[in-house]
Amino acid sequence: MSEPEDFDLDEAYAVETLQDNIELYARWASTYETFVERNGYQHPLMVAAKLLAWGGRDHQPVLDVGCGTGLGGQALVAEGPILVDGLDLSAEMIAEAAQKQDPQGQPVYRAFHQANLKETLPIEDGFYGAVMSAGTFTHGHVGPEAFDELYRITRPGALFVVGINKEFYAEQGFAQRFSNDAKDGQISEPMVDSSSVYSRGEHKGHHGLILTFSRQ
């Protein structure tokens with residue numbers, strides 16, 4: 001039996017179809033965190049920290065969109081209990097996230113949704129009090145249209161802390177989308193921060209955006 005392939009960022013950015021995405025992350029789920037450790041991938045930790053700094057515990061339950069292997073959720077509960085569910089397209093990634101534990105040895109995630117952000121989500125209206133996401137809104141993945149559903153499944157006042165690839169943000173219309181949504185009174189004016197995505201390795205120096213806003 002061959003060893004699983006190591007995660008390759010360039011190949012991840014190059015995926016074009018839904019099936020490509022599913023197959024890619026199925027292959028990489030068990031080695032994804034080798035890439036994380038080698039490159040000091042810190043984006044999920046920074047998103048989780050910002051959610052907590054903005055009062056995330058007052059906005060439970062939290063939905064971790066594109067939860068992957070659970071790094072963001074793990075960072076979220078490290079400072080104390082908080083209700084967090086995961087959503088991801090990949091069953092294999094969810095299986096990895098399901099193994100994550102909080103400092104008391106309890107599962108990090110309360111529940112999971114295996115779902116496609118480009119389709120109607122199997123979640124009732126107004127269910128979540130916060131959304132966090134890191135590593136999902138990037139090349140070859142999901143565009144601003146996903147926020148139609150993310151607004152639907154959150155209640156008024158819900159907190160959003162969302163990481164978005166810097167180039168993708170400009171190219172795919174996120175800036176215009178959020179500007180329009182703020183003008184229409186759907187969300188507060190987003191606060192946009194730039195942060196270092198990796199602390200070491202070949203991708204060090206790459207910066208991403210973290211947007212923070214609330215649903216009105």
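This is a predicted model: local features need pLDDT of at least 70, side-chain atom pairs count only at pLDDT 80 or more; totals for chains, interfaces and linings use all residues.

Colleague: Gladly. Let us start with aromatic rings: what makes Phe160 and Phe213 a stacked pair?

Modeller: The structure holds 17 aromatic pairs. In the pair of Phe160 and Phe213, the ring centres are 5.0 Å apart and the planes are at 10°. Rings pair if their centres lie within 6.5 Å, and planes under 30 degrees apart count as stacked, so this pair is stacked.

Colleague: And why do you say that the pair ties together parts of the chain?

Modeller: Because Phe160 lies in strand E5 (residues 154-165) and Phe213 in strand E7 (residues 207-214), parts that are 53 residues apart in sequence. The two strands are themselves joined by seven bridges and run antiparallel, and Phe160 stands opposite Phe213 in E7.

Colleague: What about the rest of E5: what makes you call the strand mostly covered?

Modeller: Nine of the 12 residues of E5 are buried. One example is Met132, whose bridge partner in E5 is Val161.

Colleague: Which residues form an aromatic cluster with Phe160 and Phe213?

Modeller: Phe137, Phe147, Tyr151, Phe168, Tyr169, Phe174 and Phe178 belong to one cluster with them.

Colleague: Phe174 and Phe178 bring us to helix H9. How do you know that its buried residues line one face?

Modeller: The buried residues of H9 (residues 174-183) are Phe174, Arg177, Phe178, Asp181 and Ala182. Seen down the helix axis, they fall within an arc of 125°, so they line one face of H9. An α-helix has 3.6 residues a turn, so residues three or four places apart point the same way.

Colleague: What do those residues of H9 pack against?

Modeller: Their partners are E4, helix H7 (147-152), E5, helix H8 (166-171) and E7. Just after H9, Gly185 takes a positive phi of about 80°.

Colleague: Now to charges. Why is the contact of Glu33 with Lys100 called a salt bridge?

Modeller: Their closest N and O atoms are 2.6 Å apart. The cut-off for a Lys or Arg side-chain nitrogen and an Asp or Glu carboxyl oxygen is 4 Å, so the pair qualifies as a salt bridge. Glu33 lies in helix H3 and Lys100 in the loop between helix H6 (91-97) and strand E3 (112-114), so the pair ties together parts 67 residues apart in sequence.

Colleague: How do you describe the exposure of Glu33 and of Lys100?

Modeller: Glu33 has a relative accessible area of 30%, so Glu33 is partly exposed. Lys100 is at 10%, and therefore counts as buried.

Colleague: What does Arg177 form a salt bridge with?

Modeller: Arg177 forms one with Asp148, the closest N and O atoms being 2.8 Å apart. This pair links Arg177 in helix H9 to Asp148 in helix H7, 29 residues apart. Arg177 is buried at 15%, whereas Asp148 is partly exposed at 49%.

Colleague: One last stop: what makes Ser195 count as buried, and which residues is Ser195 in contact with?

Modeller: Ser195, in strand E6 (residues 191-196), has 7% relative accessibility, so Ser195 counts as buried. Leaving aside neighbours within four places in sequence, Ser195 is in contact with His43, Met46, His206, His207, Gly208 and Ile210.

Note on methods. Residues are numbered from 1 along each chain as its sequence is written. Side-chain values use heavy atoms; hydrogens and water are left out. Helices (H or I, at least four residues) and strands (E, at least two) are DSSP runs, numbered from the N terminus. Buried means under 20% relative accessible area, exposed over 50%, partly exposed in between (1.4 Å probe, protein chains only). Contact means heavy atoms within 4.5 Å. Rings of Phe, Tyr and Trp (its six-membered ring) pair if their centres lie within 6.5 Å; planes under 30 degrees apart count as stacked, over 60 as edge-to-face and the rest as tilted. Two strands pair if DSSP finds at least two bridges between them. The arc is that of the directions from the helix axis to the C-beta atoms.
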